Amino acid sequence: MAAVKEQNAELAPSIGVNNLSYAFPDGSSGLKGLTLDLPPGSRTLLIGANGSGKTTLLRLLSGKRMAPASTISIAGIDPFTSGLEGVTYLGLEWVLNPIVRTDIDVPTLLSSVGGDYYRDRRNELVRILDIDLAWRMHAVSDGERRRVQLAMGLLRPWRVLLLDEITVDLDLLSRHNFLQWLKRETERRACTIVYATHILDNLAEWPSHLVHMSLGRVKKWGAIGEVDGGGAAGQVGGTTTGNSRLGQLVLEWLQEDLDERGPREGRGSEGKTYESLEGKGGYGAESR
């Protein structure tokens, strides 16, 4: 194991998934036979309708849920059994952490997660996310609070970043600056990103890879130039749609998924949240 870690120490981690299936504790199916190979330094957009399995996949990749042996590999290591360092997962349970709604100042929060040690990185995130160090967290908006949480979550350098819809409260400019910062991170450091989102503004030039999920399966995946077909932006059958090429591709994917699935009436949920825990929306109940 030490040899594997040493071999990958100076390389961005790859992410491999091999025939991964996952069932929830009640026996319902979450993922079905997933196979992926995301290269080192990639920036992957994880695309799919609500309930398609995106959150479940991200939580398995992060080691928060135990996957079957030999189905997940990050830099050659199973993230659950080996406790791989440098994997950061930011999802709903992290966003709802009650500490960020108390009467506490921003510098204290950032210091609590290493802000004094990673001073240059802290200052860069404060600038990129347009954070006011005079803010007190009980008296800011949801969007301002989300900026501080992002700075907290990303302050320590990570090697693998797994993001699950964590930019929904950011305004357009803050989100643009944040995404550009993430892109620069993969260009100047050995790191890899997987980002699940429904918001495609300013993302046309961001991803290196796309993964299309539906009903717990991966339908398409690959480098963006291979998956999107290289067609003209916003063109469908010669008609201008107003979407970017990426936006139009995702719109077509989701319509295709809906046509295949049919109406939800009588079908029940294809996805599954996690059991409720102290009003936190069903997340955060895992133990290692």
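This text walks through a predicted model, taking a sheet, a helix, the nonpolar cores and one glycine in turn.

The sheet comes first. Three strands make up an open sheet, and their order is E2-E1-E4 with antiparallel pairing. Strand E2 (29-38) and strand E4 (72-74) are the edge strands; each has a single partner strand, so one side of each has no neighbour in the sheet. On average, neighbouring strands of this sheet are turned by 20 degrees against each other, direction ignored. Strands of a sheet in general pair through backbone hydrogen bonds, either parallel or antiparallel. Here, strand E1 (residues 15-23) runs antiparallel to E2 and is joined to E2 by six bridges. To find one of these places in the structure, look at Gly-16, whose bridge partner in E2 is Asp-37. Helix H2 lies across E1, E2 and E4, and runs at about 120 degrees to E1.

Next comes helix H6. This helix has 13 residues and spans 18 Å from its first C-alpha to its last, close to the 18 Å expected at 1.5 Å a residue. Is H6 largely enclosed, or largely open? Eleven of its 13 residues are buried, so H6 is largely enclosed by the rest of the structure. The buried residues of H6 include Arg-145, Arg-146 and Arg-147, as well as Val-148, Leu-150 and Leu-154.

In soluble globular proteins, nonpolar side chains tend to be buried together. The largest nonpolar core in this model has 42 residues, and the members that touch the most others are Leu-45, Leu-154, Phe-178 and Leu-182. Helix H6 (residues 142-154) supplies the largest share of this core, five residues. Apart from this core lies another, of 24 residues, among them Leu-20, Phe-24, Tyr-89 and Val-194. Phe-178 shows what contacts a member of the largest core can have. Leaving out residues up to four places away in sequence, Phe-178 touches Ile-128, Leu-129, Leu-150, Leu-154, Ile-166, Thr-167 and Leu-170.

The last stop is Gly-48. Gly-48 sits in the loop between strand E3 (43-47) and helix H2 (54-61). Is Gly-48 buried or exposed? Its relative accessible area is 1%, so Gly-48 counts as buried, the cut-off being under 20%. Which residues does Gly-48 touch, not counting those up to four places away in sequence? They are Lys-54, His-198, Met-213 and Leu-254. Of these, His-198 is 150 residues from Gly-48 in sequence, while the two C-alpha atoms are 7.9 Å apart in space.

Notes:
Residues numbered from 1 in each chain as written. Predicted model: local features only at pLDDT ≥ 70, side-chain atom pairs only at ≥ 80, totals over all residues. Heavy atoms only, no water. Helix = DSSP H or I, 4+ residues; strand = E, 2+ residues; numbered from the N terminus. Buried < 20%, exposed > 50% of the residue type's maximum accessible area, 1.4 Å probe, protein only. Contact = heavy atoms within 4.5 Å. Core = buried A, V, L, I, M, F, W, Y, C linked by side-chain atoms within 4.5 Å. Pairing = 2+ DSSP bridges. Axes fitted to C-alpha atoms, helices over the stretch in contact; angles between N-to-C directions. Expected span 1.5 Å × (residues − 1).
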